[in-house]
Amino acid sequence: MNFYKERKKHPLVLNVPALLIVDVQSYFTDRESSAYLDGIENIYENIKKLSERFLQKGYPVISTIHKGGALQMQRWWGNKVDEKWAKPYFKSNEYVYIIKDTYDAFYNTYLEKVLRLKNVTDIIITGVMTHLCCETTARSGFVRNFNVVMVEDALWDKDEFYHFLSLKSLAHGFAHICKTEEVLCKLE
């Protein structure tokens with residue numbers, strides 16, 4: 001197991017969780033997009049299972065949508081995400097949708113306000129890309145005193161190397177790393 005030492009030191013405990021589905025949207029899911037992530041389909045079922053269980057238990061599900069682009073994002077990537085590519089893959093009237101324009105889902109959004117209003121203590125992060133938006137949001141959540149959980153089989157990246165190194169780094173100082181089934185069992 002890749003995260004044995006970290007998991008032994010910090011076992012998974014959930015008090016009042018919220019599920020974050022980070023940027024699972026047409027920009028990354030549509031094969032016609034220049035940013036399509038090959039293999040992203042591998043996480044759909046796990047995110048669906050988690051979403052259904054969270055809603056069943058009355059816990060919030062929050063989906064972020066990356067749209068536009070903060071100035072530094074435009075400088076770095078040379079583009080911005082147009083409306084066409086800002087369509088969420090998972091849709092529900094029960095979700096809270098947060099529009100963001102940079103990696104951090106907390107930065108210049110109302111995410112923290114939503115979480116505090118619902119007395120959330122734990123953020124369960126799924127989505128894309130592990131090493132960019134998901135990792136940045138995880139670190140930001142940690143410094144805001146949320147217990148952060150990264151669901152390794154419900155996260156996707158453009159490269160396994162980026163995915164694993166991001167999770168390894170987060171496990172060392174910011175987040176619990178677990179699988180979908182572990183989170184589902186904790187929600188029983």
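Which residues of α7 are buried?

## Basis of the model

This is a predicted model, in which local features need pLDDT of at least 70, side-chain atom pairs count only at pLDDT 80 or more, and totals for chains, interfaces and linings use all residues. Residues are numbered from 1 along each chain as its sequence is written, and side-chain values use heavy atoms, with hydrogens and water left out.

## Helix α7

The buried residues of α7 are H163, S166, L167, L170 and A171; buried means under 20% relative accessible area, exposed over 50%, and partly exposed in between, with a 1.4 Å probe and protein chains only. Viewed down the axis of α7, these buried residues fall within an arc of 130°, so they line one face of the helix. The arc is that of the directions from the helix axis to the C-beta atoms. An α-helix has 3.6 residues a turn, so residues three or four places apart point the same way. On the face of α7 turned away from the buried side are the exposed residues F161 and H172.

Helix α7 spans residues 160–173, 14 residues in total, and reaches 21 Å from its first C-alpha to its last, close to the 20 Å expected at 1.5 Å a residue. That expected span is 1.5 Å times one less than the number of residues. Helices are DSSP runs of H or I with at least four residues, numbered from the N terminus. At the N-terminal end, D159 caps α7, with a side-chain oxygen 2.6 Å from the backbone nitrogen of F161.

## Cysteines

The structure holds zero disulfides, a disulfide being a pair of cysteine sulfur atoms within 2.5 Å. For C134, the nearest cysteine sulfur is that of C133, 6.8 Å away. C134 counts as buried, at 0% relative accessibility.

C185 is in no disulfide either, and the nearest cysteine sulfur, that of C178, is 10 Å away. C185 is exposed, with a relative accessible area of 53%.

Conventions. Helices (H or I, at least four residues) and strands (E, at least two) are DSSP runs, numbered from the N terminus. A polar contact is a pair of N or O atoms within 3.5 Å; within protein, one must be able to donate a hydrogen and the other to accept it, and residues adjacent in sequence count only if both atoms are side-chain atoms.
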